[in-house]
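Me: I would like to learn how to read the metal sites and the parts around them in a model. Please take me through this one.

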Amino acid sequence: MTEERLTRRLVVRLCLVVVAMFGFGFALVPIYDVMCQAFGINGKTAGVYEGQQAVDEQRQVRVQFLATNAADMVWEFGPQADEVVVHPGDSTQMLFVAYNPTDKPMTAQAIPSVAPSKAAAYFHKTECFCFTQQVLQPGERIEMPVRFIIDRDLPADVRHLTLAYTLFDVTARKPPVAQATLTRAAP
Amino acid sequence: MSAVIDPGHAGHGHAGHDHHHGPAKGLMRWVLTTNHKDIGTMYLWFSFAMFLLGGSMAMVIRAELFQPGLQIVQPEFFNQMTTMHGLIMVFGAVMPAFVGLANWMIPLMIGAPDMALPRMNNFSFWLLPAAFSMLVSTLFMEGGGPNFGWTFYAPLSTTYAPESVTFFIFAIHLMGFSSIMGAINVIATILNLRAPGMTLMKMPLFVWTWLITAFLLIAVMPVLAGVVTMMLMDIHFGTSFFSAAGGGDPVLFQHVFWFFGHPEVYIMILPAFGAVSAIIPAFARKPLFGYTSMVYATASIAFLSFIVWAHHMFTVGIPLTGELFFMYATLLIAVPTGVKVFNWASTMWRGSMTFETPMLFAVAFVILFTIGGFSGLMLAIAPADFQYHDTYFVVAHFHYVLVPGAIFGIFASAYYWLPKWTGHMYDETLGKLHFWMSFIGMNMAFFPMHFVGLAGMPRRIPDYNMMFANFNMVSSIGAFMFGATQLLFLFIVIKCIRGGKAAPAKPWDGAEGLEWTIPSPAPYHTFQTPPDMSGEHEHRKGLAHD
Ligand code: HEM
Ligand SMILES: [Cu+2]
C-alpha cells in the first residue's frame, strides 16, 4: 500500500476512536446510574419497591427525616415527625407537608438521598411523592406520603439512618398549568 | 550515529522541487504554512504568549494574597483569575508548547520530511488563537469570565455560572478539536513516516512518550468535549445531566471530568519525560540507562492513568471499596514513575556531567518532580486526603509536578534545541541566570504552600487567616521573582534568534539522534530523502556494548 493510503486508513481508524470516546463520555451517564443502583452507592434509592418482607421484631432501626430546600425554592417543606423507630421488614408511612406561599402556581420535584450511603440499597420505597412532581396553586398546602420498608438484610452495624429530601423548583422546566391538567386528568 | 545522512538539500536537484527552496515571504507564510518547522515555531510562540498571559493572572492572584484581607481585587474577579490562570496554563501554555516541540522535533528525530498531515497541522494550530481569543474575551463580558475553577464543577458552572459560560464551552470545544487533530497527526507521522530501518525500539524516547501522549489525547479529549457538551445542554436545552432536580447528579460531572482530568495531567508530563530522557544522557555523556524499561514504564503510567481518576473525589462520599481501589491504583503509579526516576539517576551515575542550562533544568526536573510525586503519594492516601483536599497542599502538589515538571521540561527542551532552531548558541550566562532565578523563585513560591495547606488554608479564596500571613508573603515574593524571570527568558530567546555564536550541527558532544546530523539552523526542508537507519543498533543492544 502507498504511504498516503496507509495514512488515510490510520486517520479513519483514529477518528473512529475519537467518535467512540465521545460516545463513551455520554455512555458514562447511564453506566453511572446503573452502577449506583446496582451497588446502592451514592445514597441513591431505587424506584418503586414491590416486594414484601416478614417483620423482624427483634431489631429496631431509627429513621430520621430531613427536608431541605434547594437554592431559590420558597416552599415550606418538612416532615410531620423528625424521626421514627421501625422494625426491618415493616411497612411505615411518613407524611411530608408542603406549602406554596407565593401567588403563583409552582411545580416542585423532591430528590431523596439516604445516609449512610451503604444503607441506600436496603431502603425500599413502596410509595413516594418523589416519584412524581408536585404542583401547588398559590397558598395551597398538601400532605405527601412516603411509605417505606427497611430491608431485613440491612447490615447489622447500621442502627440509624437518614432519609433526606431536597426540594427543587422545577416550574420553569415543567410549567404547572400543563402539569396541573395532567394530574387532574389522571385519576 | 554513523549512517550517512542527507543534510536536507537533497531534494534540490530534482526538477519541480525548486520552489521548495525556502519559506514564502511575508505574513501569508505563517497563515498558510504547512511546514512542520513553521508550525512548530508558531505553536511555541503562541504557548509562550499564553504563558505570559496566564502568568500575569498568577501575579494578580499572588498580589492579592500578599497580605490577608482584600486589597487589590474583588473576590469575584479573583475567582476569574484563578480559573483563567488554570485554563490558560493547561490548555494554552503547556499543551501547545509540547505540540510545538513535537512538530519541530518528531520529523527530525525519525527522519521524516514533514508531519503526515501538513494541512491539518496548519488548521489545528490556527484553531488555538481563535479558541483563546474567545476564552479571554469573556473577561470583558457582562458578568465576567468563567469563575468556577479550571475544573468547572457543575452545577457551579451551569446553574450558577456567568452568562459567558457558553463562550467558555465553545472555546473548550475548539481546543479539543485542535488537540485531537494534533494527536492524530503525531500518531500518523510516527507510525507511517519513520525512516527505513527506524524500528519502534530505535525511536528516541521523546518520540515514544509523544506517541503515548497522543493516544491519551485521542482517548480523553473527546470525553472532555462530551462533558462540556452536556453542560451546554443543561444550560440551554433543559436537560439535567448534572442537575439533581431533573434526576441528574452533580457527582457524575466529577466522574466524567476526572476521567478526562487525570490522563490530562499525564498528557502534560509524558512529553517532558521524553525530552529529559534525551537531555540527561547528552550532558552525562552516557547512553540512557534502561531505554526499554522507560518505554514500558511510560506505557504503564498511561494505562494506569485511566483507572485512578476518583483520587480527586475521595471526599464526595464514594464507598469504602471505591476509596481503597482508587487509593491502591494511584499508589501503584509510583512504581513506573520510580523506575523512570531511577533510570535518570543511573544515567547520571558516574557520567562525565557538565551543567549547561538544558542540563540544569533537566536535573532540577528530576529532583523537584520527585518532590511533587511524593506529595502526590500523600494525597493518594484516602484517609489523609480528607484533611488535604481543597487546601493549598494540593496547590503545592500540582505546582511541583507542573512547574518544575512540565514547564522546566519545556525550558530544558528549548535551550537544548535552540541552537538547532536558530543556528546560534544562546547566551549561556543569561541562561544559567534564568535557571537559578526560576529555581529559587519557584521553590520560594510553592514550597511554603505545603505548610499552609497542611495547616488548613483553603485554595481558591482571596483572603485568609492571619496565621498564614508570613508564608503567603514569602510565596508571593517567590512568585514575583519567578514571573519576572520569564521576561529574561524572552530576552534570551530573541537574542539567540538575532545572533550569537554560530552553532555547529551538533552543539552538545554527548547528544544523540538524527536531528544533530542536519546543519544548524535546520534547513527549511529536511530528510526529503529518508536516512537509512538499518545499520543502527536498537537502543537495548546499544546499551550492551557501550
Ligand atoms: C505519583 C504520582 C502522582 C500521584 C500519586 C498524584 C496524586 C494526586 C491526588 C491524590 C490528587 C488529588 C488531591 C485532592 O484534590 O485532594 C492530585 C491532584 C492533582 N495532581 Fe497529582 N499525583 C501524581 C502526579 C501528578 C502529575 C505528574 C501531575 C501533572 C503533571 C499531577 C497533577 C495534579 C493536578 C493538576 C491536581 C489537582 C487538580 C485540581 O484539583 O485542580 N499529579 N494528585
Ligand atoms: Cu489525578
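Reply: Start with the residues around a ligand, and keep in mind that this is a predicted model. Ligand 1 has 23 residues around it, and those that come nearest are B:W150, B:D385, B:H389, B:H397 and B:R459.

Me: Which side chains have an N or O atom 2.5 Å, 2.7 Å or 2.8 Å from an oxygen atom of ligand 1?

Reply: Look for pairs of N or O atoms within 3.5 Å. The side chain of B:D385 places such an atom 2.5 Å from a ligand oxygen. For the side chain of B:H389 the distance is 2.7 Å, and for that of B:R459 it is 2.8 Å. Three elements of chain B give two or more residues each to the shell: helix 7 (250–267), helix 11 (357–380) and helix 13 (392–422).

Me: What is the protein donor of the iron atom of ligand 1?

Reply: For a metal, list the donor atoms and their distances. Here B:H397 is the only protein donor of the iron, through NE2 at 2.1 Å. B:H397 is found in helix 13 of chain B.

Me: How should I read the copper ion (ligand 2), and which residues coordinate it?

Reply: List the donors again, then see where they fall in the sequence. The copper ion is coordinated by B:H262 through ND1, and by B:H311 and B:H312 through NE2, at 1.9 to 2.0 Å. Along the chain these donors follow the spacing H-x48-H-H. The copper ion and the iron atom of ligand 1 are 4.5 Å apart.

Me: Why does the pair B:H262 and B:H312 tie together parts that are 50 residues apart in sequence?

Reply: Because B:H262 lies in helix 7 of chain B, whereas B:H312 lies in the loop between helix 9 (291–304) and helix 10 (320–348) of that chain.

Me: Is B:H262 buried or exposed?

Reply: The cut-off for buried is under 20% relative accessible area. B:H262 has 5% relative accessibility, so B:H262 counts as buried.

Me: Why is helix 13 of chain B described as largely enclosed by the rest of the structure?

Reply: Count the buried residues along the helix. In helix 13 of chain B, 30 of the 31 residues are buried, so the helix is largely enclosed. B:W417 lies in this helix and is buried, with a relative accessible area of 0%. The C-alpha atom of B:W417 is 9.9 Å from that of B:S520, although the two residues are 103 residues apart along the chain.

Me: Where does helix 13 of chain B bend, and what is found at its start and just after it?

Reply: Follow the axis for a bend, then check both ends. Helix 13 of chain B bends by about 40° at B:Y416, with the proline B:P419 following within four residues. At the start of the helix, a side-chain oxygen of B:T391 comes within 3.0 Å of the backbone nitrogen of B:F393. Just after the helix, B:G423 has a positive phi of about 80°.

Me: What does the domain assignment give for chain A?

Reply: Read the bounds, then the separation of the centres. Chain A is assigned domain 1 (1–39) and domain 2 (61–185). Their C-alpha centres lie 39 Å apart.

Notes:
Residues are numbered from 1 along each chain as its sequence is written. Chains are lettered from A and ligands numbered from 1 in the order in which they are written. This is a predicted model: local features need pLDDT of at least 70, side-chain atom pairs count only at pLDDT 80 or more; totals for chains, interfaces and linings use all residues. Side-chain values use heavy atoms; hydrogens and water are left out. A residue is near a molecule or strand if one of its heavy atoms lies within 4 Å of it. A polar contact is a pair of N or O atoms within 3.5 Å; within protein, one must be able to donate a hydrogen and the other to accept it, and residues adjacent in sequence count only if both atoms are side-chain atoms. Donors are N, O and S atoms within 2.8 Å of the metal (3.2 Å for Na, K and Ca); water is not among the atoms, so sites may look incomplete. The bend at a residue is the angle between axes fitted to the seven residues ending there and the seven starting there. Buried means under 20% relative accessible area, exposed over 50%, partly exposed in between (1.4 Å probe, protein chains only). Domain bounds come from an automatic or database domain assignment.
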